[in-house]
Amino acid sequence: RFEWEADDPEIVADVLFAVANVISFARTTYLMPAFEALGPLQISFTRMLFDIVRFMVLYVLVLFAFMVGLHNLYWYYGRPIPAYNEKHQVVNTTSTQMFGGLQQTLYSLFWSMFSQISVKDMPLKLPLNVTNRNMSEYYIDSDRKPTNVVDNVGMILLAVYHGIIIIVLVNMLIAMMSHSFETIQVSLCQLALLGLALSSKQISDYSK
């Protein structure tokens, strides 16, 4: 299969079959309302999906804003730059791997929420044919480097992005989901009390 085309019908069939396997297990949710313990959880899960959709609207807006901003800041440094290596051969290098383009910037911002992006990769690397003056591997030196301003602004933007996403939006999502769960629990208690009242009324009517 390594020599097949990427859109070979058999490969596409395997992909669709894998997705269908995941969806087929989701059909078991129709049986959950029949159980007293799983029914409220299934209803809460459905309500929380709507909360997640509303959260994703704000998240995509914030993600798009910082993606465009960081891309405009690093667009020049993400281009392939011809440089000479130790053997005096011309090779193409880039000063940044995290924000080399819109797609790479999107991936970097998304996976940075899960700590999959290292801060050590943030400072721009000078091309091989440019003298690297007092550039540390782990942090931005106070020495005046040509990309010092870009590095500092990039660090600040990434820190603000993490603050908005992790501190504000994630806690807002938790509050929304907790509110939905509590609302459903109160509604279920009210329905249970109403059913108990109707049952007692019917029993009293039959006893007469």
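This is a predicted model: local features need pLDDT of at least 70, side-chain atom pairs count only at pLDDT 80 or more; totals for chains, interfaces and linings use all residues.
An unreviewed UniProt entry lists residues 12–32, 52–77 and 153–177 under "transmembrane region". In the model, residues 52–77 are 88% helix and 0% strand, with the end C-alpha atoms 36 Å apart. Residues 153–177 are 100% helix and 0% strand, and the C-alpha atoms at the ends of this segment are separated by 35 Å.

The largest nonpolar core comprises 20 residues, and those with the most contacts inside it are Tyr74, Leu109 and Tyr161. Helices α2 (38–74) and α4 (148–207) each contribute at least two residues to this core. Helix α2 gives the most, with eight residues. When neighbours within four places in sequence are set aside, Leu109 is in contact with Leu63, Phe66, Met67, Leu70, Leu158 and Tyr161.

A nonpolar patch on the surface is formed by Phe45, Leu49, Ile52, Met56 and Val60. Together these residues have about 420 Å² of accessible area. Phe45 is located in helix α2.

One salt bridge was counted in the model. Side chains of opposite charge can pair when their charged atoms come close. The salt bridge joins Asp51 to Arg54, with the closest N and O atoms 2.6 Å apart. Both Asp51 and Arg54 belong to helix α2, where they are three residues apart, about one turn of the helix. Asp51 has a relative accessible area of 3% and is therefore buried, whereas Arg54 counts as exposed because its relative accessibility is 51%.

How values were computed. Residues are numbered from 1 along each chain as its sequence is written. Side-chain values use heavy atoms; hydrogens and water are left out. UniProt positions are given in the numbering used here, feature names are shortened, and annotations may be inferred rather than shown by experiment. Helices (H or I, at least four residues) and strands (E, at least two) are DSSP runs, numbered from the N terminus. A nonpolar core is a set of buried Ala, Val, Leu, Ile, Met, Phe, Trp, Tyr and Cys residues joined through side-chain atoms within 4.5 Å. Buried means under 20% relative accessible area, exposed over 50%, partly exposed in between (1.4 Å probe, protein chains only). Contact means heavy atoms within 4.5 Å. Patches are made of residues with over 30% relative accessible area and no salt bridge: like charges are joined within 9 Å, nonpolar side chains (Val, Leu, Ile, Met, Phe, Trp, Tyr) within 5 Å. Accessible areas come from the Shrake-Rupley method with a 1.4 Å probe; for residues, only the protein chains shown count as cover. A salt bridge is a side-chain nitrogen of Lys or Arg within 4 Å of a carboxyl oxygen of Asp or Glu.
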